[in-house]
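Colleague: I am new to this structure and would like to learn how to read it. Could you take me through some features, one at a time?

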Amino acid sequence: MARFLIRRLLWLIPVMFVVAAITFILMHAAPGGPFDKDPQQRQVDAITQKRLNAQFGLDKEMWLDFPALMQGNVVGFFDTQFFTYMIGGTVNGEWRCGFICGNMGPSFRQRGMTVQQIVLDPPEGKSPWDSKAGYSLRLGLLALIFAVVVGIPMGVISALRQNTAVDYASLFIATSGVTVPSFVMGIFLIIIFAVWFHLIPVVPRDWSDPTVWILPAVVLGFGLLAQTARLTRASMLEVMRQDYIRTARAKGLSNRMVIVRHMLKNAMIPVVTIMGPALAALVTGSFIIETMFGFPGWGRQFVLAISQRDYSMILATTLVFALLIQIANITVDLVYTFLDPRMKVS
Amino acid sequence: MATATVAGRRPIENTLNTKAPTSLWVDAWRRLVRNKAAMLGLVIVLLFFFVAIFGPWLAPHDPLQINSGQDFLPPAWAPAWSINTGKVGDPQFFMGTDTIGRDVWSRLIYGARVSMVVAIVPTIIITVVGVITGLVAGFFGGTVDNLLMRVTDIVYSFPDLLFFVVIMFALRGTFIGELGNGVFLLFVALALVGWVGIARVVRGQTLSIKEKEFVEASRSIGGDSRRIMSKHILPNILSPIIIIVAFSVPRLIIAEAILGYLGLGLRPGTSSSEFFVTSWGSMMLEGQTAINAQPFMLLAPAIAVALVVMGFTFLGDGLRDALDPRMRGTG
């Protein structure tokens, strides 16, 4: 078990390294540097350009500095943009630790701020939950809770009353949740509740009011709700036909006891396993919903960074989200082995 | 006597052979036709293909024609409570007009092209690449196989939407991004991620099929690897390939719409004689800014995306049930 975990975690390093390299190449494939590119921004003169490049470490070689190696400078060989960003290097004369220490680099657009300050630091005097990442995490958790609290009972009732009107109604909801993309669902709900019935503001200004969280959380969680309901129903239907359920009934257990202790406990195994990646998907996939609702989270910051061409923000977001997905996948494999000892670790 | 025997035997034969023998494909087709949801999906999909092909003849207006003074018109049939601007709709604009007075309905019709082309071209690319890589990796194993699995690990660790966004962002300004209003880059981005899932399925199927006796038989009579792969393995794994391809189509359409919505899709055309004039994603982007003034700018493309995705999903569900009856009702 421990060996499996260690191997998976070690494998994480090369994967993240390649992910970072691909993103790095793509970011630099865009013609021009971050400072001479933006037509809206005033063009900077050559000296300022040089200073800015030095300040942001852009004066180094991108990959490997072969000329430095020729001069016998082995350290200089690795003193490049990529390694400075990922591991660390000298920027502006002083050594700075890179992404592995949690430094995501200075923002190219918001002067004097690093990416981690923008994303992780809450506003003055607020809790960490009020940072951009905190907002996204809260929204993701809320959507997850909504999906679980509604989806699981829906699937259970659906299975217990198979082929009744209740079953068909919940199947209809589940099917529409799987087929209609979440952002289209969001558009429908915003137009109905905000534009036509004026029940909520289209783009809420004040997110401390809990009622404005309902719609984004529902939209974000709806796809997962549908998935959970379908999975729970299928899994319940399978468990219901097992011999041990007949045994439980035969020994005179109450209906409630049979459902809760015997059916639910076993039927939940496949459902629980999708929750880890589901949360990761909710947090990393929420940028479109966040943009739609003007939600002050990390995802919307990412979309803003696209229009502002804030390279370091895009790079950091991609890396962190990829890391989250990886960790979620490893967690699933672990949870599987705990819940179902028949599954052997491979 | 002889005739009597034959006559006596005939009824038994009739009861045994009430049906002509059917092939797997005919059988699957019959199951598909009997599936009402799948047929509904097929009708929707065909309808949208029809609209995409014959758009210029179906659209009542030029999708780029600016009608000054007629901006933000609601549809004429929209009830009064749904209109925030107090403007009165004009019956000649079925879905109303947009920010600069262009006909939303005509733009919607022209926009169908992008989604339907996205449903075909990247799908063909990912199918060809995915099937070949998966076959080779599964059949030969070894280094190729290891390499494929490592690539799969990396692609799966990228949230795919994020990957599309990063590619489109980085390469839009380059010469690749300029080709065909950015459609080429869109296809490349969608294809780069999509083939991996197919390759994985094909590899898994190949691994199990290549151990079967008929493969050994073919090898023993001198069949080379290429022949075994194309004549024996491929026909036997066609069902799972069709199923996974069918399910990847709606995902491609959604991805395209989202990229358009984020302003990273194809560039809007400048003349209505161009093949791609607008896309539903870009229409939604425009509609989002005018959500209070003319919600139908946003609603119309959203409904179109929902419908076409629903059509493809129903068809995919139906294909899965028809080709692999054991899978019915799961997932």
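**Reading the model step by step**

Modeller: Let us begin with a helix. Helix H5 of chain B holds 16 residues, 142–157, and at 1.5 Å a residue it should span 22 Å; its end C-alpha atoms lie 23 Å apart, which agrees. The expected span is 1.5 Å times one less than the number of residues. Helices (H or I, at least four residues) and strands (E, at least two) are DSSP runs, numbered from the N terminus.

Colleague: Before we go on, what kind of model is this?

Modeller: This is a predicted model: local features need pLDDT of at least 70, side-chain atom pairs count only at pLDDT 80 or more, and totals for chains, interfaces and linings use all residues. Residues are numbered from 1 along each chain as its sequence is written, chains are lettered from A and ligands numbered from 1 in the order in which they are written, and side-chain values use heavy atoms, with hydrogens and water left out.

Colleague: Which residues are buried in H5(B)?

Modeller: Buried means under 20% relative accessible area, exposed over 50%, and partly exposed in between (1.4 Å probe, protein chains only). In H5(B) the buried residues are Asp145(B), Leu148(B), Met149(B), Thr152(B), Ile154(B), Val155(B) and Ser157(B).

Colleague: And how does chain A look as a whole?

Modeller: Chain A has 16 helices and 2 strands. Of its 346 residues, 47% are buried. A contact means heavy atoms within 4.5 Å. Among chain A contacts between residues at least 6 apart in sequence, 64% join residues at least 24 apart.

Colleague: How many residues of chain A and chain B are in contact, and how should I read the area between them?

Modeller: The size of an interface is often given as the accessible area lost when the parts come together. Here that buried area (1.4 Å probe, summed over both parts) is about 3,900 Å², with carbon and sulfur atoms giving 82%. In contact are 42 residues of chain A and 44 residues of chain B.

Colleague: Which elements of chain A give two or more residues to that side?

Modeller: They are helices H1 (2–29), H8 (165–179), H9 (182–196), H14 (287–293), H15 (298–308) and H16 (311–339) of chain A. H1(A) gives the most, with 9 residues. The side of chain A that touches chain B divides into 32 nonpolar, 8 polar and 2 charged residues. Nonpolar covers Ala, Val, Leu, Ile, Met, Phe, Trp, Tyr, Cys and Pro; charged covers Asp, Glu, Lys and Arg; the others, Gly among them, count as polar.

Colleague: Could we look at a single residue now? Where is Thr97(B) placed?

Modeller: Thr97(B) sits in the loop between helix H3 (36–58) and helix H4 (104–140) of chain B. Thr97(B) counts as buried because its relative accessibility is 0%. Its side chain reaches the backbone nitrogen of Leu73(B) at 2.9 Å. Not counting residues up to four places away in sequence, Thr97(B) touches several residues, including Phe72(B), Arg102(B) and Met297(B).

Colleague: What about backbone angles?

Modeller: Two residues of chain A are worth a look. Asn163(A) is not a glycine, yet has a positive phi of about 65 degrees. Asn163(A) lies in the loop between helix H7 (132–160) and H8 of chain A, and with a relative accessible area of 49% it is partly exposed. His198(A), also a residue other than glycine, has a positive phi near 50 degrees. His198(A) is in the loop between H9 and helix H10 (214–240) of chain A, and at 52% relative accessibility His198(A) counts as exposed.

Conventions:
Buried area = accessible area lost by both parts, 1.4 Å probe. Polar contact = N/O pair within 3.5 Å; in protein donor to acceptor, adjacent residues only side chain to side chain.
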